[in-house]
Amino acid sequence: MPNAAITEKTDVVLIGAGIMSATLGALLRQLQPEWSISLFERLDAAAAESSDPWNNAGTGHSALCELNYSPQNPDGSVDISKAIDINERFQVSRQFWSYGVENGILGDPSAFINPIPHVSFVHGADNVDYLRKRYEALSRHPLFSTMEYVDSPDEFAKRLPLMARGRDFSDPIALNWTDEGTDIDFGSLTSELLAYLGRSGVDLAFGHEVRDLTRQSDGSWLVKVRNLRTRRTRTLISKFVFVGAGGGALPLLQKSGIKEAKGFGGFPISGQFIRCTNPDLIYKHEAKVYGKAAVGAPPMSVPHLDTRIIKGRPGLLFGPYAGWTPKFLKDGKNTDLFKSVKPNNIFSLLGVGVTELGLTKYLVSELLKSEAGKVATLEEFIPRADGHDWELITAGQRVQVIRRKGAGGVLEFGTAVIAAEDGTIAGLLGASPGASTCVSAMIDVLQRCFPREYDDWSPKLKEMVPSLGVKLSENQALFQEVWDWSTKTLNLNGVSDNTPKHAGVAPIA
C-alpha cells in the first residue's frame, strides 16, 4: 500500500508543465520572489503535450497570416477587429520574452524564436478579391503596416518557388506577405522558463499527477498528487492553484466544484500533419503560408505549409488534418470525454451536437480520408506533390470550449480563463490562439485572482511589458519603440531577401 506523505504547505500550485504554467510561474517569481511554488506534471518531460513544437498547430499566432481572424462580412467588407486584438496580445508576449532575455530568465533567443515570413495564400477570383480587401483594411493599421500584397505570378515564383513549381497561373493567385513574422518553438521556450523556475527554487515534480482538488474552509486548496512511478501520494495545502493542464484542465476544474466551471464542456479534436522528409524541398521553402479553411471546417483546421525551426534546424510540415477521439490529451484515456459529462453541462453538450452538424460531417470526411487523399490536399499548395517526400505524424489534442448558452451550448474556438470568484483557483480552457498569447492570458489571471496585490505589482509588470494597459494600435510611437527594442533583443532583424537563412543547417528530415 502506498504511504501518504504529511501535508505540505505552499503558496502556489501550478498544474501542468506547458507554456501557460511556465509563464505564470515566471511572472510570479519576478513579482513575488519569496512565495513558494510547486509545479506538477503527469508526464516525464516539459511541454510534451500541446506546447511541443510538433504538437502545436500554430507556432506564432499573431494574425498576420491566419485568415480566420479576419472574416469577410456579408456586405463584402473584412472584419479585422479580432486580428488586431490577437496581434496586440502577441506584442505583450514579445515584450516579456525580451525582458526575459535581458534579465537572465531566458538564454539565446534563437533557441526559441526565429524570424520567418508570414503569408496568406488564396487562389480563385473571389478569394483574390477578398485578400485584396483584407490587405487594404489591415495595412492601414500600425501593427500591420509592413504587409505587402502580391498577385504577380513572377513575384509569387520568386518568393515561393516550391509552391510555384508546376502551378497553373491561369487560376488567379494572391498573397498577403509580412516579413516580420516569427516561428516560435514553444517546447524550447517552456523548457527555458522551467529551468529558470528550477534555478530560483521552485519545486518541479515530473511524473506526478494531480488527482483531486478540495476547497478548505479558509479558502485554501487541498491538493492530492500521485507519484506515478512510486505510487506515493503527496498532499499539499495551497493558497492558490492554477490549472494549466491543457486538455486535462476541464476535469480538474470540475473536480474543484467551483460554480464558474459549471456548464462548461469540452469537444476534443485531434489532428495530424504530414512532415517533409526531403531536404531539397525543405530548403526551397521558408515561410508560414496559410490558406482558407474548407467550408464547415473548424478554424483550427486552416491548411498551412509551415516552416518550423526546432533546435536550430528547419523542418516543413503541412496540415492539419482534423480527426476525432474521445481523449482530452494525446496521452489521455478513451474515457476522458464521457467522464467530463456532468448534470450541469449535459444540455450544453447536447445543444452543440444539434447546432454543429456541419462540423460533424467535416470530421467524418476527414477521418475517411486516406494518406493519398491527404497528399492530394497538399497539391493545392504544392502542385504535383509526391507522397514519398512526406510522412504522417500525429499532432496534439485540442479540446474546444463548449459554453452554456440559453438552454443549450455553443462551441467556441478560442481560449477562456475560468477563475473562482475568490481568486484562489483559475484554469485555462481551449486552444487557438493559445500559446502565442500566453503572457496576456496569464496577466489576466493575475489581475483577476490577485486584485489586492495587482496594483503593487503594476510597476514591475510595466517593466516587464512596457505597453501594458495601452493599445499599441492607437499609440504608434510606443509601438515603434517596443517593436525596435524587442526586435533587437530577440535578434529578429532581417528576413527581406527571400533567401533561406538556414540553408547551411541540416534540416529535420
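User: Is Q447 buried, partly exposed or exposed, and what is the relative accessible area?
Analyst: Q447 is partly exposed, because its relative accessible area is 43%, and the buried class stops under 20% while the exposed class starts over 50%. Keep in mind that this is a predicted model.

User: Where does Q447 sit?
Analyst: Q447 belongs to helix α13. That helix covers residues 438–449.

User: How far apart are Q447 and S458?
Analyst: In space, 9.8 Å from C-alpha to C-alpha. In sequence, they are 11 residues apart.

User: At what angle do α13 and α14 pack?
Analyst: At about 140°. Their axes lie 7 Å apart, and α14 runs over residues 451–464. The angle makes α13 oblique to α14, because roughly antiparallel needs over 145 degrees.

User: Which residues make the contact?
Analyst: α13 gives I443, L446, Q447, R448 and C449. α14 gives P451, Y454, W457 and L461. By class, this contact has 7 nonpolar residues, 1 polar and 1 charged.

User: New topic. What is the volume of the second largest pocket?
Analyst: The second largest pocket has a volume of about 520 Å³. Its lining has 17 residues. R89, V92, S440, G469 and V470 lie nearest the centre.

User: Which elements give two or more residues to that lining?
Analyst: Helices α2 (81–102) and α13 do. The largest share, 5 residues, is from α2.

User: How do the lining residues divide by class?
Analyst: Into 6 nonpolar, 5 polar and 6 charged residues.

User: Where is there a cis peptide bond?
Analyst: Between G319 and P320, with omega about -5°. P320 is in strand β15, residues 313–323. Most peptide bonds are trans.

User: And phi? What is the value for R231?
Analyst: About 70°, which is positive, although R231 is not a glycine. R231 lies in the loop between β10 (221–227) and β11 (233–243). It counts as partly exposed, at 38% relative accessibility.

User: What about phi of K311?
Analyst: Phi of K311 is near 55°, also a positive value in a residue other than glycine. K311 is in the loop between β14 (304–310) and β15. K311 is exposed, because its relative accessible area is 72% and the cut-off is over 50%.

User: Zooming out, how many helices and strands are in the protein chain?
Analyst: There are 15 helices and 20 strands. Of the 509 residues, 59% are buried.

User: Among contacts between residues at least 6 apart in sequence, what percentage join residues at least 24 apart?
Analyst: Within that set, 74% do.

How values were computed: Residues numbered from 1 in each chain as written. Predicted model: local features only at pLDDT ≥ 70, side-chain atom pairs only at ≥ 80, totals over all residues. Heavy atoms only, no water. Axes fitted to C-alpha atoms, helices over the stretch in contact; angles between N-to-C directions. Helix = DSSP H or I, 4+ residues; strand = E, 2+ residues; numbered from the N terminus. Parallel < 35°, antiparallel > 145°, perpendicular 65-115°, else oblique. Contact = heavy atoms within 4.5 Å. Nonpolar A, V, L, I, M, F, W, Y, C, P; charged D, E, K, R; others polar. 1 Å grid on protein atoms, 1.4 Å probe; cavity = no way out; pocket = protein on both sides within 12 Å on 5 of 7 lines; lining within 4 Å. Points joined across faces, edges and corners; volume = space filled by probe spheres on them. Buried < 20%, exposed > 50% of the residue type's maximum accessible area, 1.4 Å probe, protein only.
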